[in-house]
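The sequence and structure come first, followed by the points by topic.

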Amino acid sequence: VCSSDLDPLAKLAVAFAVIAFATLSERAGELAALAILLVFLLLGVERVAPRRFVLALAPFLFFAVTSSWIYAAAPANVYGWTGWQVALAVGLRTVVVGLVSMLFAFTTEPGDLARALVHRARLPRRFVFGALAAIQFLPTLAQEAQMARLVARAALPPDASRLTVALAGLRADGAIALLAGAIRRAGIAALAMELRGLSTTGGAGSAWRVPRAGWRDAAFAAVALAALTLSRFLG
């Protein structure tokens, strides 16, 4: 359903619709069913690796717990709900938003989304392509951080404690090395964007392989919105 072949703007619109639906929903069962469906799409349809799924969902689970536990102490709210009901609803909303974000991110090519936003949604190309460049730096930054930690661990004496090994590469000198690498890559990216004409104040410019919406995208959006509307009224 949420294949990478679908139009990124159509998926973005559906993602916003699902987030709005989860925000307005007041039924924990409805939110739980939506979360189960999203998990099935991620693991069963898109075949996301379980380890990658858990690592991506972990921050949302942490935020769901930390943002909802305080409601559990409340005896009731103005709607007559118990504190635990409110906490469950808030936590499930957070999880659903996280799952929708993961599904969109795992099935959307950032470059396709950027070109669609610039050439079809007419967003400022400086902002869009600048954000795209920053996002593409993140995997490289993580790889450099991992490499710095491995080098720091290799330099430790054989009798180093487990705590010393665990903290290797986390000192200020490692952070300075990562900062220097980030500045160097930022300069290269700025030069590349300059050569592509992003410093000019013209329109969207030219581009190749701009995603276009088709009948599959319209059918996808219609089915998703119909399902949300039907579940809203039937529940």
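**Surface patch**

In this predicted model, Leu37, Phe40 and Val45 make up a nonpolar surface patch with about 270 Å² of accessible area together. Patches consist of residues with over 30% relative accessible area and no salt bridge, like charges being joined within 9 Å and nonpolar side chains (Val, Leu, Ile, Met, Phe, Trp, Tyr) within 5 Å. A salt bridge is a side-chain nitrogen of Lys or Arg within 4 Å of a carboxyl oxygen of Asp or Glu. Accessible areas come from the Shrake-Rupley method with a 1.4 Å probe, and for residues only the protein chains shown count as cover.

- Leu37 lies in helix α2 (residues 28-45).
- Leu37 is partly exposed at a relative accessible area of 44%, where buried means under 20%, exposed over 50% and partly exposed in between.

**Chain overall**

- The chain has nine helices and zero strands; helices (H or I, at least four residues) and strands (E, at least two) are DSSP runs numbered from the N terminus.
- Of the 235 residues, 31% are buried.
- The chain's accessible surface is about 14,800 Å², with 70% of that belonging to carbon and sulfur atoms.

**Helix α5**

- In helix α5 (residues 110-119), nine of the ten residues are buried, among them Asp112, Arg115 and His119.
- These buried residues pack against α1 (8-24), α4 (83-106) and α6 (125-154), a contact being heavy atoms within 4.5 Å.

**Basis**

- Residues are numbered from 1 along each chain as its sequence is written, and side-chain values use heavy atoms, without hydrogens and water.
- Local features need pLDDT of at least 70 and side-chain atom pairs count only at pLDDT 80 or more, while totals for chains, interfaces and linings use all residues.

How values were computed:
Buried means under 20% relative accessible area, exposed over 50%, partly exposed in between (1.4 Å probe, protein chains only).
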